[in-house]
Amino acid sequence: MITAAEWAIIQLSLKVSLVAVLGTLPVAYALAWLLARRQFPGRSLLDALVHLPLVVPPVVTGWLLLILLGRRGPIGAMLEEYLGVTLVFQWTGAAVAAAVMALPLMVRAMRLSIDAVDRRLVAAARTLGASRWYAFRTITLPLTLPGIMAGAVLGFTRSLGEFGATITFAANIPGETRTLPLAIYTGLQVPGGEGAVTRLAIISILLSLAALLVSEWLIRRSTNGRSHVV
Amino acid sequence: MGVAMSFEIVLNHTVGDCRLSVDFASQVPRIAVTGPSGVGKTTLLNCIAGLITPETGKIVIGGRVLFDSTERISIRVEQRGAGYVFQDARLFNHLRVAANLAYGERLRQAGHSGVDRERIIETLGIGSLLDRWPASLSGGEIRRVAIARAVFAHPRFLLLDEPLSSLDQERAAEILTMIEHLGTAIGIPMIYVSHQPEETARLTDTILQLAPR
């Protein structure tokens, strides 16, 4: 049925998407919190920047990543010189591309849940002796857990499907950056690739469905079956 | 002179069109605040609790300066030691009743007033509610849990914002009696906000009347 090469593609896709989502999670939450709760100069600009990957063509996002994070890019050159890290043509580059594309969706989901937290509850916690940080940990964070889960799953499925930015920034290298969508695309380019394409496409659909089901289950578990948590 | 004031509240604050101006001092440990709705009763409590910073003023309770605009003193909310019973209760719906009660109790171990846990639970009649979720409680139960949560947080003073509103008469009378008992039992300054003269008359003769201006 599924060949060893196809298994490797699935594993690579899962690795890239997991790393992308786990790495983005704290950044996305911090951005969501800033945008939901703080007024500061440049807030609209930050909001627009976060949403940019959602509205510009993915190829353009990939090209921008190449300019910034490529070996000669301002950030890419520094990463290589000081940390010895190269992103282009590496699976880590594919993860970065997926992370950037997933970021706006994750921020949106989390921001909605932070907006929905009743700030009067936080005020009540403060009068009971909670510092800002303690009130955040014990009130805001648990109440936004379903939003975090939803954001993570949205980000994960978006990463699994990422194509344009990945192929532009990280290229289509077998075993390194050829994730499921890139492998399907490659299969379509070669004669006789239809069998592999069908199998990989079915696997893509199943993985996305599984992610949705897992998120439903996680959300139900995190709210203990209580219906009033947003 | 020389007698410690329980309350010294001088403040000026404007919210929208509403201007709140208070100049009040009292040696009596239990006072009531009355006035028509919208006059700023809750704003006054929020200023005392530290949730709102008044434009100018000085707030001293039980000899402790909480706020003084001329001296640039403003104690942080969590360090003011308010036992604030909000008008809308504000129980944490994601925590069971027992965890709601323990929330402030854990944070301020340095007990300011030795609260007798068991006795308060018994007085307020909430022993059977400890394992419940707040969403499953009735209005009267929510009020009683909110009062207990504030008292358990080792408060230095109590702020009660219309704790009997939206309760039926019988239940209201019962809770008022509990509050009277609590006040005597833990002996800390108390500010009771209400627009019902019958309620305040049972608790204290010292009334701060807020008038619209």
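## Where the two chains meet

In this predicted model, 21 residues of chain A and 23 residues of chain B take part in the contact between them, where contact means heavy atoms within 4.5 Å. About 1,900 Å² is buried between chain A and chain B, and carbon and sulfur atoms give 66% of that area. Buried area here is the accessible area, taken with a 1.4 Å probe, that two parts lose on being put together, summed over both.

Side chains of opposite charge can pair when their charged atoms come close. Across this interface the rule finds 2 salt bridges, each a side-chain nitrogen of Lys or Arg within 4 Å of a carboxyl oxygen of Asp or Glu. One of them joins the side chains of A:R126 and B:E78, at 2.5 Å from N to O.

On the side of chain A that touches chain B, the elements giving two or more residues are α6 (119-127) and α7 (132-143) of chain A. That side divides into 11 nonpolar, 6 polar and 4 charged residues. In this sorting, Ala, Val, Leu, Ile, Met, Phe, Trp, Tyr, Cys and Pro are nonpolar, Asp, Glu, Lys and Arg are charged, and the others, Gly among them, are polar.

## The build of chain A

Chain A has 11 helices and 0 strands. Helices (H or I, at least four residues) and strands (E, at least two) are DSSP runs, numbered from the N terminus. Along its principal axes, the C-alpha trace of chain A spans about 70 × 45 × 30 Å.

Over all chains, the count of salt bridges comes to 12. In one of these, the side chains of A:D47 and A:R111 meet at 3.4 Å, N to O. This pair links distant parts of the chain, with A:D47 in helix α2 and A:R111 in helix α5 of chain A, 64 residues apart.

## Two pockets

Rolling a probe the size of a water molecule over the atoms shows where empty space is left. On a 1 Å grid over the protein atoms alone, a pocket is an open set of points with protein on both sides within 12 Å along at least five of seven lines, while a cavity is a set of points where a 1.4 Å probe fits but cannot get out; lining residues have an atom within 4 Å of a point. Grid points are joined across faces, edges and corners, and a volume is the space filled by probe spheres set on the points.

The largest pocket has a volume of about 660 Å³. Among its 24 lining residues, A:R38, A:R119, A:V122, A:R126 and A:R132 are the closest to its centre. Helices α1 (4-37), α6 and α7 of chain A and α2 (77-80) of chain B each supply at least two residues of this lining, which has 12 nonpolar, 4 polar and 8 charged residues.

Two or more residues come from each of α1, α2 (43-55), α3 (58-69) and α5 (91-115) of chain A. By class, this lining has 21 nonpolar, 4 polar and no charged residues.

## One cavity

The rule counts 1 cavity of 30 Å³ or more, and the largest cavity has a volume of about 30 Å³. Helix α4 (residues 74-83) of chain A gives the most to its lining, with 3 residues. The lining includes A:L69, A:R71, A:L79 and A:E80, and by class it has 4 nonpolar, 3 polar and 2 charged residues.

## Reading the numbers

Residues are numbered from 1 along each chain as its sequence is written, and chains are lettered from A and ligands numbered from 1 in the order in which they are written. As this is a predicted model, local features need pLDDT of at least 70 and side-chain atom pairs count only at pLDDT 80 or more, while totals for chains, interfaces and linings use all residues; side-chain values use heavy atoms, with hydrogens and water left out.
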